[in-house]
Amino acid sequence: MLGMKKVSLVLAVGAVAAFADNPIIQTYYSPDPAPVVFGDTVCVYTGNDEGGTFFTMHGWRVSCTTDMVNWTDMNTLILEAGDFNGNAKKNGDWASQCIRRNDKYYYYVTVESTMGGRAVNVAVSDTKEGPFKDARNGKHLAGPNWDYIDPTVFIDDDGQAYLYWGNPKLYYCPLKENMIECDGDIKVTDMSKGFNGKYTEGPWIHKRNNKYYMIYAAGGIPESIDYSWSDSPTGPWTYKGTIMPSNEPGSAFTVHSGLIDFKGHSYFFYHNQRRVPGAGGYSRTSAVEEFTWKEDGTLPTIRMTDEGVTKPVKNLDPYTRVEAETKAWLEGINLDKSGGYTIIKNIETEGKRVYLTNMGKDSYTKVRFVDMSDGADNIVVCTKGGSGKIELHVGSAKGDLLSTINVPASDDWTESSFEVTGADGVQDIYFVFKEGNFKFDYWYFESNAQAVPQEPFKGTPFAIPGTIQMEDFDKTGVGRGNKSFQDNDAENHGDSEYRKDDAPSVDLYNKSGDRIVVGYIQKGEWLAYTVDIAEAGDYTMFASVASDGGSSFSMTLDSTVVAETVEVPKAVKAEGDTTQNFDDYAKVSVNVTLPAGKHILRMTATNDWFDIDYVKFVKGKNAEDTIPQSLYGKTQLANNAVAGIRSAQVFDMNGKYLGNVRVNSSAHDEMLQSLRSAGFTNGSYFIRVLGMKTLKLNAVK
């Protein structure tokens with residue numbers, strides 16, 4: 001029944017789809033939007049409404065965007081009442097909000113307690129798209145109490161987190177650092193002041209220019225969206241007025257809102273029932289409007305529109321992988337998810353696929369502001385299942401035909417390439433499904449005119465024997481086969497500014513001793529390096545890694561596996577350390593056989609969650625590493641000083657920072673060898689080493 005309701009929703013809005021991009025989600029009813037900014041990505045967490053004549057909501061979902069016009073369904077259900085160890089009833093999954101802290105994602109949700117009343121629960125995940133797990137082992141964070149609904153969460157500039165919720169009262173508590181416990185008693189806001197008697201439910205907290213904005217559903221039925229502000233996160237509050245009136249055409253009799261500032265723009269999220277006439281206040285869907293703050297810091301009146309956001313924060317790049325479920329509008333199609341991992345052309349791709357399926361005849365997806373300025377010779381699509389046919393149009397679902405995609409039948413996920421003609425400029429494109437029943441995972445364009453090969457990050461290949469600093473993966477190219485990394489999400493979890501310009505999604509961390517490491521590595525992610533192997537034969541590969549255990553990776557050379565599974569053990573503890581953490585590194589080794597010449601070396605994660613600093617190749621089977629084990633871990637700086645091994649910063653002659661190398665001594669020839677081993681090209685460089693003078697060196701091959 002749920003699937004039928006989803007299809008009915010899409011068909012009901014089909015008549016206006018040509019010019020409307022609200023609601024932003026068309027594959028399910030999506031009440032109670034809670035937007036959050038994660039770096040270069042905005043995600044909106046919503047309920048999963050089954051529609052009908054009551055608030056029947058089973059589980060929670062999330063969709064994300066990087067341009068504010070095209071949205072990607074990240075998962076099916078990311079959490080549901082049954083995940084809370086028996087303390088929540090089914091189909092009572094109400095409003096929620098997510099926040100990130102210390103590389104964990106905390107999700108605060110409203111449940112109907114098995115003990116009676118409503119309650120606030122919290123779940124946690126390592127990724128923004130979940131799945132989320134109960135963070136309190138079957139215990140409510142707050143409640144049960146029939147007043148306890150609609151949590152909103154906020155971390156202030158001083159690091160203190162706050163949780164707010166409630167109808168008809170506004171409750172709050174500061175949160176402990178662990179984000180799953182109140183730090184002290186639950187407090188009740190003085191409702192006699194600051195709300196003009198209008199606060200009802202659905203609070204949303206936002207900070208801007210040292211002002212705290214409390215936005216909420218207000219008045220009776222139907223509700224408006226009003227706000228108050230304060231100089232403190234706990235009040236006292238001053239009522240400021242109405243943001244969205246209650247008499248908007250198509251309003252549901254309840255409202256819920258969220259507000260974000262993103263890349264110099266401001267956006268207001270809300271839900272309504274404009275796409276389901278006569279729904280009686282139910283079957284609600286999320287929408288968004290861009291707005292401009294007033295000069296005095298107050299909010300303007302915001303009206304509901306069918307158009308939504310009309311200008312993106314950036315155009316969509318079609319020459320990199322684009323998920324099929326990324327769209328501004330979708331009609332007559334369902335969404336599904338699979339697990340596991342798949343091999344495509346000897347390459348292991350990431351699991352947990354979300355894909356389009358059950359396409360009706362003449363159903364379509366619209367993708368907006370696609371930058372085809374470099375043209376396109378082919379489109380590559382990844383599909384699975386039966387054969388079918390897709391037409392690719394520009395401008396509208398009946399616009400000029402760019403490509404006819406005859407989808408082949410396949411028992412596994414398969415990439416297929418089809419000719420494209422007429423691709424040009426920045427335009428909207430439409431995938432129109434004509435026949436077949438298949439699964440559609442992703443697509444990308446290929447352009448011979450635009451193709452750029454990948455190249456070594458520092459100009460020359462890494463020498464083997466030698467050391468490869470893992471943060472110095474190749475510069476990524478453009479076109480098929482010219483990519484140098486795969487990161488499972490666009491968000492950067494690292495704290496390093498290194499390579500933010502050319503690889504902003506790769507998670508790089510600053511570590512002690514001026515090291516930069518690749519971290520937060522998930523299964524299916526990979527990094528590629530151009531190498532120059534001096535002679536064929538047996539080598540011992542050493543890797544400096546950190547993990548909680550259970551992680552692993554493989555190494556391939558030109559798609560040939562040279563190390564199928566390299567196990568990553570738990571990190572070693574530094575002397576006197578009683579905790580296990582990712583500042584402690586272990587050294588692992590494996591024998592490999594390599595051919596001579598220039599090749600592409602690739603590391604692919606085969607299990608989740610590890611960090612890697614470097615790999616080093618020494619000639620010979622079971623060879624010894626010249627760097628002692630004691631140099632790995634927290635004691636590295638002290639041991640480096642004893643052993644004479646230091647981390648050196650490298651700059652060009654204009655003072656631009658280029659990266660780090662390890663130097664064994666201050667001797668001129670030794671430093672030159674360090675530059676050569678790290679892959680630096682002929683030229684002059686400044687070398688700065690902790691405790692030494694800055695030196696000028698010529699790195700000559």
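**Disulfides, cores, a sheet and salt bridges**

Cys 173 and Cys 182 form a disulfide, with their sulfur atoms 2.1 Å apart. A disulfide here is a pair of cysteine sulfur atoms within 2.5 Å. The torsion about the S-S bond of Cys 173 and Cys 182 is about -65°, so this disulfide is left-handed. Both Cys 173 and Cys 182 are buried; buried means under 20% relative accessible area, exposed means over 50%, and partly exposed is in between, with a 1.4 Å probe and protein chains only.

Before I go on, a word on the source. This is a predicted model, in which local features need pLDDT of at least 70 and side-chain atom pairs count only at pLDDT 80 or more, while totals for chains, interfaces and linings use all residues. Residues are numbered from 1 along each chain as its sequence is written, and side-chain values use heavy atoms, with hydrogens and water left out.

Back to the cysteines. How many disulfides does the structure hold? There are 2 disulfides. Besides the pair already named, Cys 43 and Cys 64 form a disulfide, and their sulfur atoms are 2.0 Å apart. Cys 43 lies in strand 2 and Cys 64 in strand 3 (residues 57-65), so the pair ties together parts that are 21 residues apart in sequence. For the numbering, helices (H or I, at least four residues) and strands (E, at least two) are DSSP runs, counted from the N terminus. The link of Cys 43 and Cys 64 is right-handed, with 100° about the S-S bond. Cys 43 and Cys 64 are buried. If the bonded cysteines of the chain are numbered in sequence order, the pairing reads 1-2, 3-4.

Cys 98 counts as buried, at 1% relative accessibility. Cys 382 also counts as buried, at 0%.

Next, the nonpolar cores. In soluble globular proteins, nonpolar side chains tend to be buried together. A nonpolar core here is a set of buried Ala, Val, Leu, Ile, Met, Phe, Trp, Tyr and Cys residues joined through side-chain atoms within 4.5 Å. The largest one has 45 residues, and those touching the most other members are Tyr 45, Leu 79, Tyr 107, Phe 132, Ile 215, Phe 268 and Leu 299. Strand 6 (residues 104-112) supplies the largest share of this core, 4 residues.

What does Leu 299 touch, leaving aside its neighbours within four places in sequence? Leu 299 is in contact with Tyr 213, Ile 215, Tyr 227, Ile 243, Leu 259, Phe 291, Trp 293 and Lys 294, where contact means heavy atoms within 4.5 Å.

4 strands form an open sheet in the order 13-14-15-16, with antiparallel pairing. Two strands pair if DSSP finds at least two bridges between them. Strand 13 and strand 16 (238-244) stand at the edges with a single partner strand each, so one side of each has no neighbour in the sheet. On average, neighbouring strands of this sheet are turned by 25° against each other, direction ignored. Strand 13 and strand 14 (residues 211-218) run antiparallel and are joined by 7 bridges. The bridge partner of Arg 208 in strand 14 is Lys 211.

Last, the charged pairs. The structure holds 24 salt bridges, a salt bridge being a side-chain nitrogen of Lys or Arg within 4 Å of a carboxyl oxygen of Asp or Glu. One joins Lys 198 and Asp 226, whose closest N and O atoms are 2.7 Å apart. Lys 198 lies in the loop between strand 12 (187-188) and strand 13 (199-208), and Asp 226 in strand 15 (residues 224-230), so the pair ties together parts that are 28 residues apart in sequence.

Finally, a network of salt bridges links Asp 21, Lys 366, Arg 368 and Asp 428.

Conventions
Axes fitted to C-alpha atoms, helices over the stretch in contact; angles between N-to-C directions.
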